[in-house]
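Work through the following exercises with the coordinates open, and check each solution step against the model.

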Amino acid sequence: MQKNLVIVESPAKAKTIEKFLGGDYKVMSSYGHIRDLKKREISIDEKTMEPQYEIPADKKKVVAQLKSEAKKAEKVWLASDEDREGEAISWHLCEVLGLDQQQTSRIVFHEITKPAILKAIEQPRMLDMNLVNAQQARRVLDRLVGFKLSPVLWRKVKPALSAGRVQSVAVRLIVDREREIQKFKSEPYYALQAVFTLDDNGKQVELKATLDHRLKSQEEVDALMQQMKQATFTVDSVQKKPVKRSPAPPFTTSTLQQEAARKLGFTVSQTMLVAQHLYENGHITYMRTDSVNLSSLCLNTAKTAINALYGEKYSHPRQFHTHAKGAQEAHEAIRPTYMDRQTIEAPQQEQRLYELIWKRTAASQMADAELEKTTITIEAECGHANGDNSAAQKTLFTATGEVVTFDGFLKVYRPTEGDDTQADTDEGKLLPPMHKGQSLERMEMTATERFSTPPARYTEASLVHKMEELGIGRPSTYAPTISTIQQREYVQKGDTKGQERPYTITTLKGQSLTHRKKSEMAGSDKGKLLPTDIGLVVNDFLMQHFPNIMDYSFTANVEQDFDRIAEGKEQWEKMMKAFYKKFEPTVEQTLKSRSEHKAGERVLGNDPETGRPVMVKIGRFGPVVQKGTADEKEKPVFAQLPKKFSMEAITLEEALELFRLPRKIGEYEGKTVTINTGRFGPYAQHDGKYTSLGKDFDPMTITLEEAIGLIEAKRKKEAEKHIKSFDEKPGLEVLNGRWGPYIVYEGKNYRLTKQQKERAKELTLEECLEIVKA
DNA sequence: CAGTGAGCGAGCTTCCGCTTGACTT
């Protein structure tokens with residue numbers, strides 16, 4: 001007979017807490033929400049806004065266990081997180097387990113430490129129904145938006161698409177950014193660098209300095225260079241000032257995802273998976289958090305660890321405060337459980353992420369770095385031989401240097417710059433000692449043509465950063481949202497090929513001025529998020545009909561309403577009814593507006609041969625070009641849009657080319673050979689078999705002979721494919737694939753080791769079954 | 001990882017937040 005039952009959200013947490021509380025307490029986990037709106041239907045009464053909840057199939061078992069333990073216990077404590085969702089979890093537990101709200105204690109804690117838990121037990125409270133209602137409003141709003149908008153897309157764009165408060169805005173960010181980049185006009189400018197020499201105790205030393213402003217044209221560069229030929233240079237000012245740099249706060253989910261991407265090359269979901277392991281093994285605190293708060297326990301142990309490792313002057317305990325929009329701060333920041341463990345025994349990825357977390361946490365408790373920043377300005381004086389002594393022209397160069405006088409937190413953690421900052425830093429650059437009035441000798445001067453750069457495309461991590469800034473999404477949903485928008489094919493990670501761009505370098509050496517042309521690749525990008533045709537069409541469609549939902553501040557605005565509900569100042573059903581009253585008619589209207597054209601459809605022109613209209617649109621299976629319409633006598637002709645074309649940019653000429661496929665190129669062995677292009681690129685079809693053309697052949701120009709060659713090559717490979725089979729086990733075969741021999745058994749493939757591959761022909765049935773089993 | 005190749009008139013699809021599952025012996 002158990003006296004007390006405590007219910008928390010996470011099983012790892014349950015284990016820890018049980019240790020703190022001792023024998024009178026049993027601690028169990030609800031594994032998150034135990035009840036939700038029904039999966040398939042909208043499950044909201046559109047008049048009253050009353051939600052219909054159910055226990056999802058995969059939660060039945062947990063609920064049954066909780067029920068039976070709750071019955072046995074004298075007292076039940078609900079210890080879910082202290083935020084909207086956590087309060088709702090507790091309320092659902094009350095409802096489902098049949099607990100009396102008056103008899104049930106709701107407790108909360110923000111850190112999993114013994115004093116925090118014991119203190120929480122001493123301060124139980126009742127369920128906060130206002131907070132629960134704020135969650136219900138959130139839940140109902142998201143369901144209404146998602147389940148009303150998605151079907152509109154199925155009708156107007158393409159089946160199985162989805163829209164939602166979070167994902168649609170995430171896509172919009174990427175679409176807007178891409179359009180900004182396309183619109184961007186790159187302007188050239190010229191950055192001028194000079195090398196001087198000066199005398200430092202009899203030694204000639206070099207000094208690099210930069211012109212204090214950018215030049216706009218080559219003419220300006222040439223004119224200035226002419227002046228510089230005769231100019232004399234003196235030090236105008238020497239300024240030294242101490243600068244302090246402070247460490248960044250410890251990790252939240254979003255900053256961890258960003259830093260792991262930059263420093264370790266992890267994807268957002270990879271980071272979460274690895275962090276989950278670290279958490280389950282007790283190495284770090286909870287990894288889904290928006291808080292930068294550290295427990296006093298951590299502050300103390302961090303101090304001890306830093307003192308021991310680096311000495312007292314490196315220690316500087318500090319507490320950080322969260323500024324993120326809509327942060328709910330139910331947990332601590334992400335930190336090591338034990339600060340005295342600088343490293344752990346674990347698989348490599350976990351080790352690396354752990355060390356990153358340790359360093360970031362430690363650095364946050366360390367002293368500021370102190371630097372000395374030196375700025376030297378150099379004046380060029382140009383003599384005016386013609387006696388024209390109008391306003392003296394002042395040309396200034398600046399040289400900056402930075403010296404770390406005390407490294408502080410930099411000893412363990414170097415901050416990485418944002419995505420779009422340039423790599424040039426003055427860090428570690430030491431300038432020779434100089435004084436005002438000192439004269440310098442000009443050596444070489446170089447003006448390099450540069451180009452203003454458009455805003456950077458989003459990476460997974462920088463998108464998360466932006467979403468957090470706008471208050472869209474939560475720590476638990478960043479990674480899933482990024483997967484969703486890629487799964488729906490709204491965006492994809494891709495490479496953009498740059499364009500070759502010439503630029504000019506102008507050099508003044510001695511008295512001779514030279515111009516050199518070079519070229520660089522501009523605008524190339526790797527692995528960045530790009531909108532697809534479908535993403536563009538869906539985004540434009542939603543922007544046109546539902547600008548309110550697509551507004552970047554929509555979430556922030558409704559959050560304010562949720563806050564008012566949480567404070568008991570507004571009724572949640574009232575708020576939802578008001579929203580729905582405006583929203584629902586727009587949905588109806590959009591569905592009803594039976595326009596002839598599908599969303600995103602674009603007419604390119606007419607086929608010069610038949611006069612039939614040619615258009616691009618999103619078809620049942622993605623973007624297609626179409627010739628003719630359904631109401632004409634002759635059926636319309638379709639062709640899938642190959643990847644290299646975009647719906648926005650394809651021309652009539654390019655589209656007409658696409659209709660030239662499928663192309664019959666002749667006969668072989670009495671059967672026609674047809675060339676077409678499909679999902680996996682161009683292919684030849686012959687005798688019911690398909691042969692890929694590969695990259696070397698163009699489907700428009702390939703000859704019959706070339707195609708036959710490919711067909712024969714494929715046949716040969718096909719024949720070599722089969723290595724071995726066994727009469728006793730017809731389902732088992734040893735085959736030769738793209739990566740050498742492998743075993744196929746009952747529809748599944750099994751790889752072989754290097755040694756096994758070498759003697760693939762001699763493998764026995766027993767050996768094969770062994771491999772399958774392993 | 002191990003081979004793919006249709007259709008454009010029917011089925012199904014979808015949201016955001018919480019949380020990790022486990023057919024063995």
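**Exercise 1.** Describe where Gln626 lies in this predicted model, and determine whether Gln626 is buried or exposed.

*Solution.* Begin with the secondary structure, where Gln626 is found in strand E19, which spans residues 622–627. Next take the relative accessible area, which is 5% for Gln626; since buried means under 20%, Gln626 is buried. Then list the neighbours: leaving aside residues up to four places away in sequence, Gln626 touches Pro613, Val614, Met615, Lys617, Pro636, Val637, Phe638 and Phe659. With one of these, Lys617, the side chain of Gln626 forms a polar contact of 3.0 Å.

**Exercise 2.** Classify the packing of helix H5 (residues 129–156) and helix H17 (residues 572–592).

*Solution.* Because angles under 35 degrees count as roughly parallel, H5 and H17 are roughly parallel to each other. The residues that meet include Val140, Leu141 and Leu144 in H5, and Phe579, Tyr580 and Phe583 in H17. By class, this contact has 14 nonpolar, three polar and three charged residues.

**Exercise 3.** Examine the backbone at Asn201 and Glu669, and state how exposed Asn201 and Glu669 are.

*Solution.* Most residues other than glycine have a negative phi. Asn201, however, has a positive phi of about 55°, and its place is in the loop between strand E7 (188–200) and strand E8 (203–211). Glu669 likewise has a positive phi of about 55°, in the loop between strand E21 (663–668) and strand E22 (671–678). Asn201 is exposed, with a relative accessible area of 77%, whereas Glu669, at 49%, counts as partly exposed.

Definitions and conventions
Residues numbered from 1 in each chain as written. Chains lettered and ligands numbered in written order. Predicted model: local features only at pLDDT ≥ 70, side-chain atom pairs only at ≥ 80, totals over all residues. Heavy atoms only, no water. Helix = DSSP H or I, 4+ residues; strand = E, 2+ residues; numbered from the N terminus. Buried < 20%, exposed > 50% of the residue type's maximum accessible area, 1.4 Å probe, protein only. Polar contact = N/O pair within 3.5 Å; in protein donor to acceptor, adjacent residues only side chain to side chain. Contact = heavy atoms within 4.5 Å. Axes fitted to C-alpha atoms, helices over the stretch in contact; angles between N-to-C directions. Parallel < 35°, antiparallel > 145°, perpendicular 65-115°, else oblique. Nonpolar A, V, L, I, M, F, W, Y, C, P; charged D, E, K, R; others polar.
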